[in-house]
Amino acid sequence: MPELAEVDYFRRRWDPGLRRKVAAVSLNSKARVGRGLDKQAMTKALVSAKLLESFAAAKQMAFRFSGGIWIGVHLGMSGRLECGDTTREPTNYDHFVLTMTGGKQLVFVDPRQFGRILFWQGPGVPPWWEKIPPAILSDEFTVGVVGAFLRRRARTSIKAVLLMQESFPGIGNWMADEVLWRAGFHPEAKAGAFGPLSVRKLYRILREVCADAMQVIGKDWGDPPASWLFNHRWKDGGSCPRTKEPLHRAEVGGRTTCWSPARQRLGAERR
DNA sequence: ATTCTTGTTGCATC
DNA sequence: AGATGCAACAAGAA
């Protein structure tokens, strides 16, 4: 589920733990979300550490604790962060629980376990955090960068290319479809076919969708307006909010993709 | 019962 | 070497 804005929303679910110390750590040792973790070292380091601040970038979160301790969270497909007190009813998928002083519990829940917990202790910033590419809404994300990447992935569908985190950090299935729908490009258009005008348009709409998502969803999981594709894409028999023509669904780039054939035609990307 | 899923990775192949 | 495509991971929902 979680893409750019949802990730930032979930990051803030743990805000009640800020400036509190970790009283106890509970990590389901068999859970896949902890693969590759030095669980003992992590638990040992975390106890008594104070949660100082948190960050979200792309689909990742980082929580910084005193002592140069960092916990990274990737929510995968079905992960979420919750906060509760000692009366909270546990779920079957509470893989990682930090009990803070005062009884607040910070919980990572993930039924499908495509998500992941990372741990790092040391000076500076964890390597896995540093290597996240510049945000789409940052100054470093330029038209030139987008154009170069589209040329590099020339023979791949634009839909699949938009899902590549190395260049479009935070974009997931619904955001990719939203971008292509707003921009009027067919999801199966080859990335290499995009002309200069189209690259610029794609770039502009990418930033627009990211900004809109942060505004509407990132804030408090608000429902996007009916004018977005978002609310129509999974409905059988759904229709395009702009043309009122039927939406079409098919697998593109290995993912279910929804588009409006009336306004997303192959060839429009050549300009 | 069957098929679907808002993600990533590792591997085979081109 | 670099690009490309796809199965695999797991479990709830429809």
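Reader: Is alanine 58 buried or exposed, and at what relative accessibility?

Author: A residue is called buried under 20% relative accessible area, exposed over 50%, and partly exposed in between, with a 1.4 Å probe and protein chains only. In this predicted model, alanine 58 counts as buried because its relative accessibility is 12%. Alanine 58 is placed in the loop between β2 and β3. Its phi is near 50 degrees, a positive value in a residue other than glycine.

Reader: What conventions apply to the numbering and to the values?

Author: Residues are numbered from 1 along each chain as its sequence is written, while chains are lettered from A and ligands numbered from 1 in the order in which they are written.

Reader: How many helices and strands does chain A have?

Author: Helices (H or I, at least four residues) and strands (E, at least two) are DSSP runs, numbered from the N terminus. Chain A has 7 helices and 10 strands.

Reader: How is the radius of gyration of chain A to be read?

Author: The radius of gyration is taken over C-alpha atoms, and the globule rule is 2.2 Å times the number of residues to the power 0.38. For 271 residues, a compact globule would have a radius near 18 Å; chain A has 20 Å, which agrees. The C-alpha trace of chain A spans about 60 × 40 × 30 Å along its principal axes. Of the 271 residues in chain A, 51% are buried.

Reader: Which residues of helix α1 are buried?

Author: They are Leu4, Ala5, Glu6, Val7, Asp8, Tyr9, Phe10 and Arg11. Because 8 of the 8 residues of α1 (residues 4-11) are buried, this helix is largely enclosed by the rest of the structure. To describe packing, one uses contact, meaning heavy atoms within 4.5 Å. The buried residues of α1 pack against β2 (51-57), β3, β5 (80-84), α6 and α7.

Reader: Where do the buried residues of helix α2 lie, seen down its axis?

Author: An arc is used here, namely that of the directions from the helix axis to the C-beta atoms. In α2 (residues 39-46), the buried residues are Met42, Ala45 and Leu46. Seen down the axis of α2, these fall within an arc of 95 degrees, so they line one face of the helix. The exposed residues Gln40 and Lys44 are carried by the face turned away from the buried side. The packing partners of the buried residues of α2 are β1 (22-27), β3 (60-65), β4 (69-74), β6 (94-100) and β8 (116-121). After α2 comes serine 48, whose phi is positive, near 80 degrees.

Reader: Which residues does leucine 98 touch?

Author: Such a list of contacts does not count residues up to four places away in sequence. Leucine 98, in strand β6, touches Trp14, Val22, Ala24, Val25, Leu46, Phe65, Lys104, Gln105 and Leu106. Leucine 98 is buried, with a relative accessible area of 0%. Glycine 17 is 81 residues from leucine 98 in sequence and 9.1 Å from it in space, C-alpha to C-alpha.

Reader: What percentage of contacts in chain A join residues at least 24 apart?

Author: Among contacts between residues at least 6 apart in sequence, the share is 64%.

Reader: Where is glycine 184 found, and which residues does it touch?

Author: Glycine 184 is found in the loop between α6 (173-183) and α7 (196-220). It touches Arg263, Gln264, Arg265 and Ala268, not counting residues up to four places away in sequence. At 11% relative accessibility, glycine 184 counts as buried. Glycine 184 and leucine 46 are 138 residues apart in sequence and 49 Å apart in space, C-alpha to C-alpha.

Reader: Is glycine 102 buried or exposed, and what of lysine 244?

Author: Glycine 102, in the loop between β6 and β7 (105-109), counts as exposed at 77% relative accessibility. Lysine 244 is exposed too, with a relative accessible area of 60%. Lysine 244 is found in the loop between α7 and β9 (248-252), and its phi is near 65 degrees, a positive value in a residue other than glycine.

Note on methods
This is a predicted model: local features need pLDDT of at least 70, side-chain atom pairs count only at pLDDT 80 or more; totals for chains, interfaces and linings use all residues. Side-chain values use heavy atoms; hydrogens and water are left out.
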